[in-house]
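Q: Hey, I've just opened this one and could use a quick tour. Can we go through it together?

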Amino acid sequence: MIPSVFVSSTISGLQPIRETVRSVVEDLGYHPVMSEWSEVNYMSGSTAEASCYKSVGECQVVVLIIGKHYGSASSVDPDKSVTEMEFEKALNGSARIITLVDAEVYEFKKVFDANKAKEGIEYPEMNNPEKTFAFISRVNSATTRNAIIPFTTTTDIRQILKLQFASMVYDLLCPHDPTADATMKDILSEVRTLREAMSKSGRPDVKYLAATRFLLEDRNANFV
């Protein structure tokens, strides 16, 4: 099976970036899913927008690109763009998410955050800066999959994606060691027992505390 990679962004202002992402995905042997290439299943009987959200849920990886244009309003939630709704769909699923943000937009956000009380600050070429900055903040505040990687050039995009996909493959080839989890559970169990023994609410087990203290001393490491 070949992993599918959904490319989520506005098309306006980001076409060269999207083409670069597509090129890298194909070079790595994965299957890109992009609306302008008719790779979204529009024959499902749903609206075009709903078909995009369905495709997001069917992909194993989502490459989210945030540029200077916020994007068209979603019919599902007019306060959010279609791109932001695609991110929400990905976040509610199991897809791995790589978020790339135009470096200039990322710097604009820092200015915006530092000057929220001031009016009249312009952000060149951005059509809805407040919502774009709020979108970035939402990505950053997610409890998981919230990494943001700024980019400047298409060369940056190529390097970033290759490194991220390589890291993903490494994770798959080197799964988390279950024995380490078991060891950690044993340690936590011992800590809880020790805490109970030292609790002031009950009578401490003097023998247990003495044995624990003996084992914790470096000179008695051979007894562990």
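Q: Let's start with R96: buried, exposed or partly exposed?
A: R96 is partly exposed, at a relative accessible area of 35%. Keep in mind that we're looking at a predicted model.

Q: Which residue does R96 pair up with in a salt bridge?
A: That would be D171, and the closest N and O atoms of the two are 3.9 Å apart.

Q: And where do D171 and R96 sit?
A: D171 is in helix α6, while R96 belongs to strand β4 (residues 96-102), so their pairing ties together parts 75 residues apart in sequence. D171 has a relative accessibility of 42%, so this residue is classed as partly exposed.

Q: OK, zooming out. How many salt bridges does the structure hold?
A: There are 13 salt bridges. One of them joins E104 and K68, with 2.7 Å between the closest N and O atoms.

Q: Where are E104 and K68 in the chain?
A: E104 is part of helix α4 (residues 103-114), and K68 is in the loop between β3 (61-66) and α3 (82-92). They're 36 residues apart, so the bridge links distant parts of the chain.

Q: Is K68 buried or exposed?
A: K68 is buried: its relative accessible area is 14%, and the cut-off for buried is under 20%.

Q: What about R138, which residue does its side chain meet in a salt bridge?
A: The side chain of R138 meets E88, at 2.5 Å from N to O. That's another link between distant parts of the chain, with R138 in helix α5 (residues 129-141) and E88 in helix α3, 50 residues apart. R138 itself is partly exposed, with a relative accessible area of 25%.

Q: Which residues are joined with E88 and R138 into one network?
A: D77, K80 and E84 are in there with them, joined through salt bridges that share partners.

Q: Switching topic: how do helices α1 and α6 pack?
A: Helix α1 (residues 15-27) packs with helix α6 (residues 154-173) at an angle of about 35°, and their axes are 9 Å apart. The crossing of α1 past α6 is right-handed.

Q: Which residues meet there?
A: On the α1 side you have P16, I17, T20, V21, S23, V24 and D27. Across from them in α6 are T154, I157, R158, L161 and K162.

Note on methods:
Residues numbered from 1 in each chain as written. Predicted model: local features only at pLDDT ≥ 70, side-chain atom pairs only at ≥ 80, totals over all residues. Heavy atoms only, no water. Axes fitted to C-alpha atoms, helices over the stretch in contact; angles between N-to-C directions. Helix = DSSP H or I, 4+ residues; strand = E, 2+ residues; numbered from the N terminus. Left-handed = near helix turned anticlockwise from the far one by under 90°. Contact = heavy atoms within 4.5 Å. Salt bridge = Lys/Arg side-chain N within 4 Å of Asp/Glu carboxyl O. Buried < 20%, exposed > 50% of the residue type's maximum accessible area, 1.4 Å probe, protein only.
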